[in-house]
Amino acid sequence: MTLDIVSEIRANRLFREACFIDGEWLPVAGDEQISVDNPASGQTIGSVPRLGAEATRRAIESAHRAWPAWRGQTAEARGKVLYRWHELLLEHEQILASIMTLEQGKTHAESAGEIRYAASFFKWFAEEARRAYGRTIPPAGADQHIVVLRQPIGVAAAITPWNFPSSMITRKAGAALAAGCPMVVKPASATPFSALALAVLGEEAGVPAGVFHVVTGSASEIAGEMTGNPLVRKVSFTGSTEVGSRLMRDAATNVQKISLELGGNAPFIVFDDADLDAAVEGAIAAKFRNTGQTCVCVNRFYVQDGVHDAFVARLKERIEAMRLGDGFAPETDIAPLINRAAADKVLSHVDDATRQGATLVSGGRRDERGANYVLPTLLTGIRQSMQVTQEETFGPLVAVSSFRDEAEAIALANNTPFGLAAYFYSENVRRVWRVAEGIEAGMIGINAGLISNPAAPFGGVKASGLGREGASEGLDEYLETKYLLMG
Ligand code: SIN
């Protein structure tokens, strides 16, 4: 990537070094700022304001003032604004992708894919806004009527992660705005520019002032105000289980509704009766998306004895053909990790596994390009005692072990406190049903390595979270149920 690309992106009107509160842009002032680095080069690309509780309160109060007019619009009118926002994202796909690659590191093709994915949530919820149906229920008494209304819950707050800097916002904001709720967003400090670019396009799409805010700054202060302010009626978070469980405790103070999309530890099971070519394709897609930095990325591969060696041989060939590089280089298949700590974690999982007897088949080290670049890595002979089976690696590490039979595979898959995604490959329809029902996870890819879709309810069970995003369930998260008994 050249300096020209950075200057060109910085000069674009979508690149804002400012927060967006109450319909106004508040630029960086003085020393209170957060600098944002390019993971590929370590160079600083810009900075955003370091705001805290007071600015968050202003945003929440502004959202609360904007709420009656926004919920008072018809669902169709709100849907039109979201639909226009979706169109604007697609019209600006290339520059939005460049901003994302610059701050997040993922390949430009993946960033463009994420912009389309992000836009798809606005489109989905633009259409779904009109389907916030209530119902009538046959009453107990002859002269009664029972009517159930679905109404917007109120001001919503979102705390979003760096791995999907646009789509994790649109998945929440699309649902909130469609339901009639304004939203205050705190984007990850590593990737604020994608969020701010969304806000620019939101204004242009006709989102009224006060309905959508982006506040950058101190995570603890902003989150503290979000959970401490009784005007906020809904909190939605995507990130670690540790932070999610803290937020859940804090949200209890004001009994706020909360959705949590937290860590995973996804198993990928290949049965003897699988289509092996499809399983290898699925494995690559499910493991290496965003350099392995996806909550639904595979963490543990379980391959049945009869196909283990053939599967590993094919995977090795694919992994060794991957080109690691800067996300802006068109030939790059796999990009750097977000920062040095992320790369250190992957390498510590490799060390721990090899110390305990795993075999290093490929990779397993940093590339000379820099601290954030880790070669795609393949380990076999993985055992339950190894860190890689217990914690999310969040990097380009494929950890394979073998199993004997179906019961063992299900037991291994479920041997974790997490339950976000799981994947398995089998051509046996009876087995498909048994295993799909037996695995404890919120989402299961069956003969499929990519499961993310705006029309599907995304979310986990156990320590992987609460609530769902996308689908009609995603809209429900921003609606209250009110029942009327008419005598
Ligand atoms: C995530 O990693 O948090 C979400 C990824 C997705 O939506 O597929």
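The ligand takes up the space of the largest cavity in this predicted model. That cavity holds about 80 Å³ of space, and a search of the whole structure finds five cavities of 30 Å³ or more. The second largest cavity has a volume of about 60 Å³.

**The largest cavity**
- The lining of the largest cavity is made up of 13 residues.
- Phe164, Met168, Arg171, Thr294 and Phe458 are the lining residues that lie nearest the centre of this cavity.
- Sorted by class, the lining has six nonpolar, four polar and three charged residues.

**The ligand and its surroundings**
- The residues around the ligand are Tyr117, Asn163, Phe164, Met168, Arg171, Thr238, Glu261, Arg289, Thr294, Cys295, Ser452 and Phe458.
- Five nonpolar, four polar and three charged residues form this shell.
- In the side chain of Ser452, an N or O atom is 2.4 Å from an oxygen atom of the ligand.
- For Glu261, an N or O atom of the side chain is 3.1 Å from a ligand oxygen atom.
- With Cys295, a polar backbone atom is 2.8 Å from an oxygen atom of the ligand.
- On its own the ligand has 260 Å² of accessible area, and the protein covers 100% of that area.

**The second largest cavity**
- The volume of the second largest cavity is about 60 Å³.
- This cavity is lined by 16 residues, and Pro267, Ala413, Phe418, Gly419 and Glu440 are the closest to its centre.
- At least two lining residues come from each of β12 (266–270), α14 (406–414), β17 (418–419) and β18 (421–425).
- The lining of the second largest cavity has nine nonpolar, four polar and three charged residues.

Conventions:
Residues are numbered from 1 along each chain as its sequence is written. This is a predicted model: local features need pLDDT of at least 70, side-chain atom pairs count only at pLDDT 80 or more; totals for chains, interfaces and linings use all residues. Side-chain values use heavy atoms; hydrogens and water are left out. On a 1 Å grid over the protein atoms alone, a cavity is a set of points where a 1.4 Å probe fits but cannot get out, and a pocket is an open set with protein on both sides within 12 Å along at least five of seven lines; lining residues have an atom within 4 Å of a point. Grid points are joined across faces, edges and corners, and a volume is the space filled by probe spheres set on the points. Ala, Val, Leu, Ile, Met, Phe, Trp, Tyr, Cys and Pro count as nonpolar, Asp, Glu, Lys and Arg as charged, and the others, Gly among them, as polar. Helices (H or I, at least four residues) and strands (E, at least two) are DSSP runs, numbered from the N terminus. A residue is near a molecule or strand if one of its heavy atoms lies within 4 Å of it. A polar contact is a pair of N or O atoms within 3.5 Å; within protein, one must be able to donate a hydrogen and the other to accept it, and residues adjacent in sequence count only if both atoms are side-chain atoms. Accessible areas come from the Shrake-Rupley method with a 1.4 Å probe; for residues, only the protein chains shown count as cover. A molecule sits in a cavity or pocket if more than half of its atoms lie within 2 Å of its grid points.
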